[in-house]
Every structure is written in structure tokens, then in C-alpha cells.
Amino acid sequence: MRCDRVHLRGLLGLLAALVLAGCGGPAARSAETAITLSPSSGGPGTMVTVRGYVPHITAQRQGPSPWGQIGFGGFAAGIVANTHATWSTKHLGHFTAVFRVPETAWWTAQGERKLAPGAYAVALRCFGVPGTKPQQQRCLSGPNQFQATFTLVGSVPSAPSDATVTLSPVRAVPGERVAVTGWAPLTRLFGQPLGYSLMWGPGDNLMGVVQQALNGRLSGSFLVPAYLGGAPVPTGPVALTLVPLAQSPAPAVAHTDLQVLAGLQWAQVRSRPIQVTSQPAPMEVEPRAAVVVANGSLWVTGASGATRQVGLSGIATQAQRLGYSTGTTPRVHGVKGTVAFPASLFITVDATAANAAGNPPFFHIPFTSPNLGVTWQAVSPPPGMTLANFAGYRDVGPGVDALWTRGSRVVSVVTTNGGLTWRPASLACPASGPCLLMGPGEPFSPGLGANVLQPIWRPNRQHQWVLSAQGDITNSTLELVSLADGAALLIDGAGPYPVQMTTDGGRTWQSVALPNAPGVFSGPPYQSLLMLPDGALLASLGTGGGAAWHLLPPASGQWQSVPASVLPPTASGLTAARGRLWWYPPGPAGQAVTVHSTPLGALSSR
């Protein structure tokens with residue numbers, strides 16, 4: 001046996017080379033540089049398997065999904081694909097990886113590189129390198145680990161000579177969805193091309209990521225913004241630019257224009273509200289008491305003005321027995337009452353699965369009290385549901401509905417005796433106004449940093465509830481407003497479209513433009529935005545001296561300032577009920593909450 005053509009370092013390297021190169025055969029090679037491509041030639045789109053060997057690797061470095069980079073055409077002028085390697089469990093250091101030959105041109109630091117028949121270098125780096133940041137940075141800037149040659153044969157699919165981007169429609173109002181199509185050279189590959197960013201106007205505001213197929217075709221969509229930088233988007237033409245996601249600096253690849261049209265104005269909304277549903281509800285005002293959720297605690301203020309904290313005794317023990325943990329002191333998320341049973345409270349508390357580790361999801365599990373918090377009882381879930389599937393309360397005539405959801409299934413149970421007993425109920429449309437339903441929503445984990453979205457549902461022609469819209473309730477209240485003319489408004493002060501309107505039962509929504517307040521930062525996100533019973537909007541708007549309350553009357557084109565003596569800038573938990581606006585001043589956790597109210601008529605200066 002002769003192996004004099006194999007360059008080795010040590011006995012272990014010799015044994016590895018014998019396995020890989022088939023020592024004694026006609027093509028013995030260096031074990032530290034040799035890879036094979038199968039096939040080594042083919043047309044665009046060919047799937048190629050790479051087989052190679054990394055010497056001196058340890059089992060600890062062979063994680064379940066180690067990764068590396070493959071540069072088709074090399075790394076300086078080729079297209080880079082991030083790929084996972086499959087490591088041999090029998091022969092330490094041996095791996096296979098798969099890549100796809102590009103089907104069209106790609107972007108490089110030097111510009112576009114056209115695909116044409118011929119020989120292309122296939123370079124590999126970072127295979128078997130530990131995942132620590134310094135080591136990854138060194139391998140990304142270092143020399144190639146391996147290199148082989150792939151020969152491209154056959155015809156190359158035709159492609160446009162230049163990148164193109166097309167919009168449909170080319171004229172749109174704020175809030176309208178615009179489709180994006182076209183073609184552009186490929187970008188870096190992560191299984192699929194990384195794609196492009198679509199930038200809006202001279203400020204380079206990101207509209208979204210445009211997906212790309214392996215043949216270079218583009219697809220995506222975006223919503224025309226209503227505000228940018230706190231200012232309303234002006235009508236007229238705006239330039240949109242396509243730039244690669246993986247390039248730095250990112251060159252402008254293609255341009256197109258969108259004509260922004262004037263949308264629905266607040267002055268055109270003339271119908272009055274007949275019902276307002278809020279989530280989460282910061283306060284429940286009944287004839288004999290006001291119940292407030294503040295800093296996770298529950299407080300009740302009687303008609304005399306005396307305030308006391310509502311006890312939560314027994315909730316933690318019950319939750320633990322049912323398989324959930326609320327902590328020693330349960331934290332209240334929301335509260336609901338009913339006029340027919342003023343002593344009954346319906347609340348949700350934050351909970352996790354008992355004995356859960358790591359960063360478990362949080363749920364809002366339901367409890368009810370028939371005696372203003374003296375005793376509490378968990379609401380029993382209907383068959384096929386658990387407490388974690390609870391999705392919210394809603395008013396149904398003289399009763400209260402409890403909604404539950406699991407996947408696409410929604411179940412309703414109702415109580416008509418203040419929460420003492422519950423029975424199955426159909427998920428029916430409201431008695432008046434458009435057939436829209438706030439909730440149910442899914443459990444969430446605030447530790448993940450994602451926003452908490454509250455869905456709005458509508459029935460389709462098959463009488464199934466489908467998603468109509470959604471709003472952000474992470475740090476603010478979302479309101480669904482039914483109007484007397486059958487339309488509905490969605491008030492989402494924290495969202496990019498603070499007011500939206502539907503006139504077709506939630507199938508489509510239009511953004512409603514609000515007027516500017518002179519000298520006031522009046523764009524979203526609003527610190528607070530809510531609708532009053534007469535159809536006016538009340539908002540906390542930023543001024544040079546801080547936040548201040550402003551009122552926008554129905555069908556008006558001008559905001560009015562609300563004196564601080566009528567409504568302090570720091571007022572929290574605003575709720576309109578019984579002809580008054582109720583609120584409480586902020587304070588630390590555990591501090592007694594004092595509920596205040598002012599006549600709604602006092603808010604207006606006219």
C-alpha cells in the first residue's frame with residue numbers, strides 16, 4: 001500500500017485520510033482540503049451534495065445542527081448560502097451538506113453578476129467551527145476551508161436585463177394594502193433568498209420585506225401608512241426603493257412611485273355610537289360602585305366615595321389545585337361587572353402552568369365573586385377546554401358570556417345569575433349594530449417581548465367566525481365601537497392606524513384621518529385614545545410642556561384642549577359611564593386608589 005501522495009500530520013490524520021481518500025486508489029488527496037461535489041456539473045437549479053472532512057474535530061463541536069457557508073462562485077463574487085451540515089456518527093469529522101445551483105443572476109459587492117454556462121468555484125468556510133462569536137467572526141473573514149469546481153451546463157432561464165418592481169394598485173389611500181411584484185437578482189440564501197427591503201420616500205422608512213423566489217421573482221405587500229414620524233402622510237406621489245437585505249451598504253436596485261390618495265376624514269364620520277367594548281377594561285362603573293384594576297390590584301369605591309381593596313383570598317390555592325400558579329399574590333388583569341348583579345365581579349388573573357420552568361406562557365384565567373370579593377370561584381371550562389383556553393367576557397343582554405378558544409374552535413357559556421352557574425350558549429351576533437366580536441384571543445408570554453394583539457372576529461357566509469382585524473393591547477386599551485348606521489370603528493391609539501372604520505361588517509377597514517392639533521405632537525402612538533358616548537374622541541397629546549388632554553368633537557376638524565383643572569394630565573383608567581368620565585391618579589403598587597369623576601359636558605369648551 002502506498003500513500004506517499006497524502007500529506008498528513010500524525011497517525012490520526014493518516015487514518016482519517018485513508019477512509020476519506022481511499023488510500024491506494026488513483027485519486028488520493030489532502031484530507032484537509034478535499035471535498036467532492038455530486039454531481040459536479042449540471043444546469044441551473046441542480047441540487048448538489050458536498051462531502052468533506054474537517055480534521056482534529058471533537059464530538060462536542062458536532063452539535064445537532066452545525067452550520068457553515070457555501071459560496072457558489074467563491075465568496076468575493078459569488079452568492080453565499082448559509083447551510084447546515086450532517087455529521088457522520090461513525091467517522092469523526094466527516095460531513096455532508098447540500099446546496100442548490102442558482103437559477104438566475106445575483107448581487108455581489110461589485111454589483112450584479114449574470115449567470116452563464118461555465119466553471120464556477122464552490123468555496124466552503126466555517127464548517128465545524130464552534131458557535132462562539134469571536135470564532136465565527138474569524139472564520140467568516142479567514143481563508144476558505146475547501147474549494148472545488150462546478151461546471152454549469154445547458155441553457156440559463158431568461159430574466160429581465162434590469163431589476164423591476166411593480167405595485168398594484170398604483171393609487172391607494174392610507175391603510176390600503178398594496179401588492180408588490182417584480183424581479184431582481186438573488187440575495188444571500190438561507191434555504192430561500194433573503195429578499196429585499198422596500199423603503200418609503202426620502203426618509204427611507206421601511207415598509208416591509210419583499211420575498212424572493214429562487215428564480216428572482218418578487219412577491220409581497222404592504223399597508224400604506226397613515227403617519228410617519230408622528231406626522232400624517234401627505235397626499236401625492238411618493239418614491240419607493242428596493243434595496244437588498246444582505247448588502248452593506250445597500251444599493252438601490254429598483255424604484256417605483258405610489259400615488260397616495262386622500263382617505264376617509266374624521267369630519268365624515270357623523271353617526272353616533274350605540275355600544276363601546278373595551279379590552280382590557282380598566283374600570284367597571286355600576287350604579288352602586290366603581291371597580292378599578294390598578295397595578296394588578298382590585299379596588300372598589302362605593303357611592304359614598306370610600307375606597308377599599310378587594311381581597312383575592314383563595315384564588316392562589318384554587319389555581320394551584322387546578323394546575324396553575326398565580327404566585328402568592330395574584331395579579332388581576334381585567335375586571336367586568338353586570339348591572340343586574342351589582343355585587344358580582346368577573347375577573348381574570350395572570351397565571352402560568354404549575355411547576356413550569358424557563359419562560360412559560362402566561363394565561364388569563366377566570367374567577368368570579370358573588371359578593372364583591374369576599375369569596376372567589378374559578379369559572380369551570382366547558383368540555384374540551386381548560387382554564388388556559390379562556391378568552392374573555394362579554395355582555396349578553398342581562399347576562400355575561402365567557403368565551404373559550406382552542407385552535408379555530410370557539411365555545412361560549414353564559415351566566416344569568418351573577419356567576420353562580422353557567423350553561424352552554426351559542427356565539428351569536430350582538431343584539432344591535434354590526435356583527436363583530438372582540439376576542440377571543442390566544443394566551444401570550446410577555447417574556448418573549450412580543451406585543452399582545454386583540455383580535456376582532458366576524459362571521460363568514462358559512463356562519464364561521466373569522467379574523468376581521470386586530471389591535472395592540474400591550475400597553476393601551478382597544479375599543480370596538482358600534483355605530484347607529486351599522487358601521488363600526490376600531491380605536492387603537494397604540495397602533496399605526498389609530499382610528500379605522502368598516503361599513504361592510506368587518507370585511508374591509510378604512511383608516512380615518514384625524515386632524516392635527518396646532519403646536520401639538522398628535523400622531524400615533526397616542527398615550528391614550530378613547531371614544532365618549534356622544535361620539536367625541538378624547539386623547540392625551542404631547543405638548544412642549546408635556547402631555548395634555550384634548551377633545552375632538554364628532555364630525556369636527558379641530559381639537560379642543562381640556563383644562564387640567566377638569567382632567568389632570570396624569571389621569572389613568574379613563575372610563576365613560578352614567579354621564580360622567582371616571583378616572584384615578586397613578587400611584588405605586590399597593591397604594592389605595594381614589595376614584596374621581598367629572599361630568600362629560602365639562603370636557604368641552606363649547
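Which residues form a nonpolar patch on the surface, with about 310 Å² of accessible area together? In this predicted model, local features need pLDDT of at least 70 and side-chain atom pairs count only at pLDDT 80 or more, while totals for chains, interfaces and linings use all residues. Residues are numbered from 1 along each chain as its sequence is written, and side-chain values use heavy atoms, with hydrogens and water left out.

The patch consists of Phe190, Leu194, Val209 and Leu245. Patch members have over 30% relative accessible area and no salt bridge, nonpolar side chains being joined within 5 Å; a salt bridge places a side-chain nitrogen of Lys or Arg within 4 Å of a carboxyl oxygen of Asp or Glu. Areas follow the Shrake-Rupley method with a 1.4 Å probe. Phe190 lies in strand β15 (residues 189-190) and is partly exposed, at a relative accessible area of 47% (buried, under 20%; exposed, over 50%; partly exposed, in between).

The protein chain contains 4 helices and 52 strands, taken as DSSP runs of at least four residues (H or I) and at least two (E), respectively. Strands β1, β3, β7 and β6, in that order, make up an open sheet of 4 strands with antiparallel pairing, where pairing requires at least two DSSP bridges. Its edge strands, β1 (35-38) and β6 (86-87), each pair on one side only. Between β6 and β7 (residues 94-100) there are 2 bridges in the antiparallel sense; Thr86 has Thr96 of β7 as its bridge partner.

Of the 606 residues of the protein chain, 47% are buried. The chain exposes about 28100 Å², of which carbon and sulfur atoms supply 54%.

Note on methods: Patches are made of residues with over 30% relative accessible area and no salt bridge: like charges are joined within 9 Å, nonpolar side chains (Val, Leu, Ile, Met, Phe, Trp, Tyr) within 5 Å. Buried means under 20% relative accessible area, exposed over 50%, partly exposed in between (1.4 Å probe, protein chains only).
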